[in-house]
Amino acid sequence: MRFSTRAIHVGQEADPTTGATIVPIYQTSTYTQEAVGRHKGFDYSRTVNPTRVALERQLAALENAEYGSAFGSGMAATSAVLNLLSAGDHVVASDDMYGGTYRLFSRVLSRYAIDFTYIDLSDSDELRAALRPQTRLVWLETPTNPLLKIVDIAAVRAAAPRSALIAVDNTFATPYFQQPLALGADIVVHSTTKYIGGHSDAVGGIAITNDAAVHEQIKFHQNSVGGVPGPFDAWLVMRGAKTLALRMQQHERNALAVAQYLEKHPKVERVSYPGLPAHPQHVLAKRQMRGFGGIVSFTLRVPEERAMAFAAGLRYFSLAESLGGVESLICHPARMTHASMPKEDRERRGVTDGLLRLSVGIEDIEDLLEDLQAALDRF
Ligand code: P1T
């Protein structure tokens, strides 16, 4: 079964009790048992819910994987993966990542005696130097948020010892463009709030793996900690995921056109988009990904306040956190998505005050380019 067929059919069998073609929203917290312990496989909705199971099967299939565990947010999914670790363990993480993930690592998990080293994971020598006998996990995003750096997943697998799990946050690429498990990763995490849900109407996350033992531990955490999505949110994400391939094709077409337009504009200092030949890791991106995604970052040749004013002055690009919905968004990472990162750490990593991030939607490209042009002309 190919990608879009899986998105539309896996986990989506007709409802066994009514024949409903679309998986129902099983809005129930509990299930009536015939006798103590005798039931249809469902006992309590924190533990298991049919709508959530359908979503987990569908999304695991999109990563060509056996197992998925859905969560109430991308952060809850990330937290579940980090809960595979114990006090004294060490994590190597990429130096560019979503600010909320950095906050979880540096301000929550570090209090539980888990140690983090942040490096440029595109450099295998840096990775080898950062490894310790206690290193149990390598955590990476590729492309990274917000700088769109590319990490060579197969090279990380080759450099890391077998005792270290490799987890890839695949939110930006989506399984349509990149399949980290096939490149040697052990776990894939998504914020399904983004492209997978695709309509900016539900918050969610998922952790996916082919490793039965890892899956058992994540499931145990999902039930023990309880960060599960409600049935309606699970259903919204499932509905969105059915059109992932079509949406990603249009996101990518539009993002490439926007990146090419910005690259030539005299008021634009720097553009980052893995699909541009000028991107320093364009060749790697071409090898590792089937497409380059819908996010474009750029810096204007203007002071910070004017960059922020630019972000607020567009017609179709709403000034908002998040990404991956059908509508275009613009954000100022330093003040928004990465505000939880201390300024010094942020700037060292390249998330400067003039940086803007576009989530290019699937509107008509002519409208998006006219919008950007009108705003740039005003500056
Ligand atoms: O927001 P939540 O569903 O909890 O997902 C967190 C998350 C995880 N990983 C990546 C790569 C992300 O980008 C995010 C959330 N990011 C934003 C809200 C943002 O605007 O970048």
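**Ligand shell and strand arrangement**

The shell around the ligand comprises four nonpolar, nine polar and five charged residues, where Ala, Val, Leu, Ile, Met, Phe, Trp, Tyr, Cys and Pro count as nonpolar, Asp, Glu, Lys and Arg as charged, and the others, Gly among them, as polar. The structure is a predicted model, in which local features need pLDDT of at least 70 and side-chain atom pairs count only at pLDDT 80 or more, whereas totals for chains, interfaces and linings use all residues. Residues are numbered from 1 along each chain as its sequence is written, and side-chain values use heavy atoms, with hydrogens and water left out.

In total, 18 residues surround the ligand, and the closest are Asp169, Thr193, Lys194, Ser322 and Arg357; a residue is counted if one of its heavy atoms lies within 4 Å of the ligand. Domain 1 (3-241) and domain 2 (245-377) each contribute at least three residues to this shell, with domain bounds taken from an automatic or database domain assignment. A backbone N or O atom of Ser322 lies 2.7 Å from a ligand oxygen atom, and for a backbone N or O atom of Gly74 the distance to an oxygen atom of the ligand is 2.9 Å. In the side chain of Ser191, an N or O atom is 2.8 Å from a ligand oxygen atom. Of the 480 Å² of accessible area that the ligand has on its own, the protein covers 92%, as computed by the Shrake-Rupley method with a 1.4 Å probe.

Ser191 also belongs to strand β6 (residues 187-191), in which five of five residues are buried, that is, under 20% relative accessible area (1.4 Å probe, protein chains only). Strands are DSSP runs of E with at least two residues, numbered from the N terminus. In a regular strand, side chains alternate between the two faces of the sheet. In β6, Ile187, Val189 and Ser191 are buried on one side, and Val188 and His190 on the other. Strand β5 (residues 165-169) runs parallel to β6 and is joined to it by three bridges; strands pair if DSSP finds at least two bridges between them. Val168 stands opposite Val188. Strand β7 (residues 205-209) pairs with β6 in the antiparallel sense over five bridges, and Ile187 stands opposite Thr209.

A further element is an open sheet of five strands in the order β8-β9-β12-β11-β10, with mixed pairing. Because β8 (268-272) and β10 (318-319) stand at the edges with a single partner strand each, one side of each is left without a neighbour in the sheet. Strand β10 is joined to β11 (residues 329-331) by two bridges in parallel orientation, with Ser318 opposite Leu329.

Notes. Polar contact = N/O pair within 3.5 Å; in protein donor to acceptor, adjacent residues only side chain to side chain. Buried < 20%, exposed > 50% of the residue type's maximum accessible area, 1.4 Å probe, protein only. Helix = DSSP H or I, 4+ residues; strand = E, 2+ residues; numbered from the N terminus.
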